[in-house]
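Here is a colleague's note in numbered points, meant to be read slowly with the model open beside it. Please look at each place on the screen as it comes up.

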Amino acid sequence: MPAATTPRFVRADGPDKVTGSGRYTADLTLTGMLAAKFRYAEIAHGRITRLDVSAARAMPGVFAVLTADDVPDVRFGPFVQDRTLFARDVVRYEGEVVAAVAAVNATVAQLAVDAIVVEYEPLPVITDLEAALAGDSLLVHDGWAGYGAGDPVVRDRNDASFSSITKGDVDAGLAEADHVVSSRYVADGCHAAPIEPRAVLAQWEGNKVTIWTSTQVPFDARAGVCETLEMPASRVRIIVPHLGGGFGGKCGFHYEAHIAALARAAKRPVRLVFSRREEFFAPDRRREGMIIDVQTGVRSDGTITARKAWIAIDNGAYTTDAGFFSQLAAMHVSGPYKIPNVHIDAHLVYTNLQPSGSVRAPTAPQACWALESHTDEVAKAVGMDPVAFRKLNAVDTGDIGPSGQTYGEIGVQRCIDEATALVDYGQALPDDEAIGVAIGWWPSFSVPSGAYLKIDGDGSAQIITGAQECGTGAVMTLRQLAADELGMNAEDFELVYQDTSVAPYDMGATGSQTLFNNGRAVVAAAGQVAEQLRSLAAEFLEAAPADIVLADGHAHVAGSPTSTVSIAELAGIAAGSELLIGHGSGTPPAAPPLAGSSCVGDLGMAAFVAPQFSCHAVRVRLDRDTGVVRVMEVGTAHDSGTIINEMGALGQVEGGVMMGIGQALTEGAQYDADGHQRNTGLLEYKLQTCADSPVIRTHFVQIVTPDAGPRGAKGLAEAPNVATAAAISNAIAKLVGQPVRQLPMTAERVWKAMQS
Amino acid sequence: MTFTIATTLDDALAAMAAGARPVAGGSDLVVAARHGKAPLPGSIVAIDRLGDLAQITGTADGVRIGALATHATLMRHPLIVDSYPGLADASALVGSPATRNVGTLGGNVMNSSPAMDTGAPLLALGASVELRSVTGTRIVPLGELWTGPGRNVAAADELCTAVLIPAPATARGTASSSAYVRLEYRRAMEIAVVGAGASITVAADGTVESIAIALTAVAPTIISVTGLDAFVGKPLDVAALAAVGAIASEQASPISDLRASDSYRRHCVGVMARRAAEAAARRAGGELIAIPVNRAFGIGAAR
Ligand SMILES: Cc1cc2nc3c(=O)[nH]c(=O)nc-3n(C[C@H](O)[C@H](O)[C@H](O)COP(=O)(O)OP(=O)(O)OC[C@H]3O[C@@H](n4cnc5c(N)ncnc54)[C@H](O)[C@@H]3O)c2cc1C
């Protein structure tokens, strides 16, 4: 195993981003480039009775106007094929694209958009999850039964994906309990809100198209273009310039095909740049609203006997990658607890709102908020301290979780101890302050990935990776792994990345998978080059390859300090014969087995590969006159296995906590009765700012985890976003005397809870 | 569209006489246009290079604040911080450091938003604006300036050249001070959900000699609270502060919107009025409460 890495973290993309010399998609221009604008439905539900683009097409300066009639009639979607590029017959949410225009500039494009005539027969707007599930509800998709869908997806009318977890006999378990606590929690939807609104630029050469786009998942974007425009992957190239954040909002396939189709029709390059409003209301990606009814049976000694829950998740108008949300939400409402009897039902419900999709740790912050707020209620019912209650019931090494997974060495209990110690849990506090504690979990995603690594004749090295950097630094950290493998410095490696025609497949900046899987690939690729270097050095130094050690940019003969040659010199030798090139992929770790439980609608989320655990402990202060809550101090402890890049890891945790504070207190999408989002700007959709940030202290419970990522690492990017809102909720409940049962727990909602 | 940059006051007034709208920091005008709230005017005159209009001068009658004084300047200016800390409280809350560096007092006042932060302390302090045009100069008390959201009595060709605040009462043994607080959900880049400014003079025995309170974001314009004379001659004790809050709540006519419901606003403006009065009275009593009161005083749990 290579030597320990340095704590220093040099980001290859740092200077470009900090000095402004880096280029984002919206910064790119091409000769003859046109501007794209979309005509959105602007109503949440209606049947198109007239769509006339002739006036728009006739306008000077307009090069192309496209509708559903101008592209192949393809329904797509990763779980349920319920989507089309352009609305066909019916519009189902306000941001659905009805038509697209390419014109000389954005002003003319907007005038053309306005000149498109669309008339609708309005249909009732469905936003109530429980009403939508009722048997007599109007359907969001009349033709749902005819849609293609993956085999395990269990669907029924407005329920796009049902999933359940069953273990033991829940009714018997509840009957055994001394107390049964029932709670209902409601989470509003919210947004990823990346600072860079998305942009797409497409240019055709012959029958090939190059698309520059702000996506987190270039290979997914390519697959979407191929599917909807009916083209082979060899004719589509996706390049991602610097990405200005994503947080999941830029996962999935969105507008690349619209812009490619416009560019083809216009015979010119076409660029789309979203406004802030569009970034909020249009993409089929928002954090899902949820209703959680949860019931827990507990003995007087504090042991949990059973948990039963019913979850309704707002799918919005179309099913993106949200297909697996019902199962994942069910896992999060079960929680990392030893519970003999479990039954959870979760429904993914169509509504006429913006589609939901994976935003950082999908379903988890809301489900964890509900479960962990409920857990404090259960602890209160048996008169136990909530931390002691968690220590008694949480899973740990060797335990069996709610879905029947037996855990190897894990650090839940240690996370609880460390996080609570960081905020001095139990200290005497002023009467307007309290500390809340919550635990959470999150899987690592084991998927294929690949990398090439080469060292050129002058000794400069390149990593060619399909991985996507969304700001986390995960791609940047690949340099460190390669450097350690080859005895070089991280700075010696140039990254060639974010180009689907150059690099092997990668799933993208999604599922906390980048370092977990690409690390394996890069280490494998570097290992091949290391072999080549060792045999070259062995020849040069007249030693056995097994005795060659790569360190400090040199090949040394073990035990013979003067016998050394620089890697650059070896690269020069290789340039005249067999070139230094490695490639790697490695085998993704297998999913752990499950026993003693059953799942309906199993989409692979019941078994957590290399499960991550966390505990967040948060001290808040409440202004009792106004309900305004301020987070003062946060202690976090994370078991994400081995930490490869501590500075990068701390950045992930601190960012996750800040996002969690926003979800807890200020970030919620607000809709009117007609299904229009009302707060589509950063003044009314309130992210947390630097001025709001508390003191955040983090401890990593490092367990070298087998069947995981490089060096025993697990994922990390999403886990810090799981437990913060829950911990804040528990602190607020202590101050208010009861939980605030709606997320976000805005000042007004806290104040109202204090009145009741 | 025409855009001119005035280098003298006369240039600016001439441009306005010819129909141009002034732009100072642009942090309302330009931002509103980009948000599609109001298109950019067809003719604009930039006034930001009129250095004389950025002066802050003590006068026999009080202080004269040039319309171009920025919030960043006001929140730190010794004359303001010592004698009119309520205005400094307000300027210190505006947006972010970037907003405070470009945003001007004249722009804030003339933009005439009912949620503007400097309006309540200025109104409570009895301030006026100096309006100039090619045809003359007039002084308009703030109580007569605003007529509705984004509307005021200034003619299209009138430039606000200064804000005038009268000197605090100086009778023997009395002490005056002021304060401004607002309800905010985060600590930067925020807009007042509601707010209150107070200006108070206390006699040597601690009783109230004069008290004025104005409220932010609970009516179509910043409004003065009336009927506070009953508090004169009495100490501003806990009961009196509660009564001040109750009167403020009663006189508010708030709306429900994305930021808050009307009932929550009505409740909270009372809290803000009580806290502003308390902070002003404590400052008048010699206590140093750092600027802005929001941070120093636990507004929005921001201790
Ligand atoms: C991010 C952000 C945050 C903000 N936060 C706050 C806040 O917390 N509190 C708050 O109160 N405001 C806030 N604002 C609004 C704005 O910054 C302030 O109102 C600022 O004081 C406006 O000054 P300005 O010089 O930029 O005005 P401008 O935009 O230049 O002008 C505003 C209006 O006043 C007119 N005008 C300007 N100067 C004069 C003059 N001398 N005579 C006559 N008319 C004039 C203009 O024609 C225009 O109609 C914020 C703005 C932004 C962009």
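1. F247(A) sits in the loop between β12 (236–239) and α7 (256–266) of chain A, where helices (H or I, at least four residues) and strands (E, at least two) are DSSP runs, numbered from the N terminus. F247(A) is not a glycine, and yet its phi is positive, at about 55 degrees. Most residues other than glycine have a negative phi, and most peptide bonds are trans.

2. Before going further, please note that this is a predicted model, in which local features need pLDDT of at least 70 and side-chain atom pairs count only at pLDDT 80 or more, while totals for chains, interfaces and linings use all residues. Residues are numbered from 1 along each chain as its sequence is written, chains are lettered from A and ligands numbered from 1 in the order in which they are written, and side-chain values use heavy atoms, with hydrogens and water left out.

3. Two cis peptide bonds deserve a look. One joins L743(A) and P744(A), with omega about 0 degrees, and P744(A) is placed in the loop between β29 (742–743) and α18 (747–755) of chain A. The other runs from I291(B) to P292(B), with omega near -5 degrees, and P292(B) belongs to the loop between α11 (262–284) and α12 (293–296) of chain B.

4. Over all chains the structure holds 46 salt bridges, a salt bridge being a side-chain nitrogen of Lys or Arg within 4 Å of a carboxyl oxygen of Asp or Glu. One of them pairs R88(A) with D73(A), whose closest N and O atoms are 3.1 Å apart. Both residues lie in the loop between β3 (62–66) and β4 (90–91) of chain A, so the pair ties together parts that are 15 residues apart in sequence.

5. How many residues of chain B are in contact with chain A? There are 28, and they touch 25 residues of chain A, contact meaning heavy atoms within 4.5 Å. The buried area between the two chains is about 2,300 Å², with 52% coming from carbon and sulfur atoms; buried area is the accessible area (1.4 Å probe) that two parts lose on being put together, summed over both.

6. Five salt bridges are counted between chain B and chain A, among them the one in which the side chains of D625(A) and R275(B) meet at 3.0 Å, N to O. By class, the side of chain B that touches chain A has 14 nonpolar, five polar and nine charged residues, where Ala, Val, Leu, Ile, Met, Phe, Trp, Tyr, Cys and Pro count as nonpolar, Asp, Glu, Lys and Arg as charged, and the others, Gly among them, as polar.

7. Finally, consider the ligand. A nitrogen atom of the ligand is 2.6 Å from an N or O atom in the side chain of D117(B), while an oxygen atom of the ligand lies 2.7 Å from a polar side-chain atom of H71(B). The residues of the shell around the ligand divide into 15 nonpolar, 11 polar and five charged, and α7(B) gives the most to this shell, with four residues.

Conventions. A polar contact is a pair of N or O atoms within 3.5 Å; within protein, one must be able to donate a hydrogen and the other to accept it, and residues adjacent in sequence count only if both atoms are side-chain atoms.
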